[in-house]
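Biologist: Can you walk me through this one? Start with the sheet, please.

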Amino acid sequence: MKISILDDYQDVIRTLDCYGKLKGHEVQIWNDHSKDVDVLAERLKDTEALVMIRERTPLRALLIERLPKLKLVSHHSVYPHVDVGALTARGVLLCSNLHPGQPSYATAELTWGLIIAAMRKIPQEVAALKAGRWQSTVGLGLRGKTLGVYGYGRIGAVIASYGKAFGMKVLVWAREASLARARADGYAAARSKEALFEDSDVITLHLRLIDATRGIVTAADLARMKPTALIVNTSRAGLIAAGALEQALRRGRPGMAAVDVFEEEPVLNADHPLLKLDNAVCTPHIGYVECAGYERIFGSIFDQILAYADGKPVNVVNPEVLGGAQP
């Protein structure tokens, strides 16, 4: 099969052990990024199987209609950037392993790394030391502080356990079913969403971005936070109302933010207002970007391609396509 892989920023996929699974197939890997439909249509015009790296490139009807040879999109995890209806109308199969019950420990670990880095002002101290200065700031510890976990899914539950291990008081706010799970796990529920923002020293967001959660963190929520508090977002930028975080940080409530996600990605040439703020620690959406995780993710993606080529597709999202011609 002719296979295309988009958005391999680090040119790392061909170095993975699992890449050997594609031996015998014709593989084209793109290391840059484009959302231009004309550019993508030209690149992918002969593609039969398309590998998507999470949500880096939208796959909408305007592009799908210009890919006449496309038979399969192989993906891992949720797919809000993919027009499943348009794929189905064109007879293109979408296969995606939703890894039920498997939290992204890599994202949880990065979240905790950002919490420690921001609270202890590690980036500022590294920069100061390299500039010839010694001990420029005084950071804040975590033990005895209150950790607010907004959303108690797979990653939120792991983060809560980290907070407990660090001696923090853990508060959770989420849907009622998720709050019930948090209580069963021994964590306290916040009195309300407003109380979560008022009482927490660190708030970390672990919600899926859907219509109901877009902008769910408002400017008023941020204004309730302590001037010494930190908000962390390793989920999706759209959870916070557009522009609200930068304005809140400039006003000093909360006093700090740590983010791994942005409204438009990739962010190049430092072209984002958060990157200009000293009280924001920012990373380039690397939550899931970790060697063992990549082996697992791409191993699954490549297995889906092999299963399709063998006539036995797995993790099928739109099974109605299988009513037509078989691969």
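This is a predicted model: local features need pLDDT of at least 70, side-chain atom pairs count only at pLDDT 80 or more; totals for chains, interfaces and linings use all residues.

Biologist: How many bridges join S10 to S11?

Modeller: There are 4 between strand S10 (residues 230-233) and S11, which run parallel. Asn233 has Val259 in S11 as its bridge partner.

Biologist: Switching to rings. How many aromatic pairs?

Modeller: The structure holds 7. Tyr19 and Phe302 are edge-to-face, because their ring centres are 6.4 Å apart and their planes stand at 65 degrees. Rings of Phe, Tyr and Trp (its six-membered ring) pair if their centres lie within 6.5 Å; planes under 30 degrees apart are stacked, over 60 edge-to-face, and the rest tilted.

Biologist: Where do Tyr19 and Phe302 lie?

Modeller: Tyr19 is in the loop between strand S1 (2-5) and strand S2 (26-29), and Phe302 is in helix H11 (residues 291-309), so the pair ties together parts 283 residues apart in sequence. Both Tyr19 and Phe302 are buried. Buried means under 20% relative accessible area, exposed over 50%, and partly exposed in between (1.4 Å probe, protein chains only). Tyr19, Tyr294, Phe298 and Phe302 form one aromatic cluster.

Biologist: What about Trp112 and Phe166?

Modeller: Their ring centres are 5.2 Å apart and their planes at 55 degrees, so that pair is tilted. Trp112 sits in helix H4 (residues 105-119), and Phe166 in the loop between helix H6 (154-165) and strand S7 (169-173), so the pair ties together parts 54 residues apart in sequence. Trp112 is buried at 5% relative accessible area, whereas Phe166 is partly exposed at 36%.

Biologist: Now the backbone. Which peptide bonds are cis?

Modeller: One joins Arg253 and Pro254, with omega about 0 degrees. Pro254 is in the loop between helix H10 (244-251) and strand S11 (256-259). Another runs from Glu265 to Pro266, with omega near 0 degrees. Pro266 is in the loop between S11 and strand S12 (280-282).

Biologist: And where is Asn269?

Modeller: Also in the loop between S11 and S12. Asn269 has a positive phi near 60 degrees, though it is a residue other than glycine. Asn269 counts as exposed, because its relative accessibility is 77%. Most residues other than glycine have a negative phi.

Biologist: Is Gln135 buried or exposed?

Modeller: Exposed, because its relative accessibility is 65%. Gln135 lies in the loop between helix H5 (122-130) and strand S6 (146-150). Its phi is positive, about 55 degrees, although Gln135 is not a glycine.

How values were computed:
Residues are numbered from 1 along each chain as its sequence is written. Side-chain values use heavy atoms; hydrogens and water are left out. Helices (H or I, at least four residues) and strands (E, at least two) are DSSP runs, numbered from the N terminus. Two strands pair if DSSP finds at least two bridges between them.
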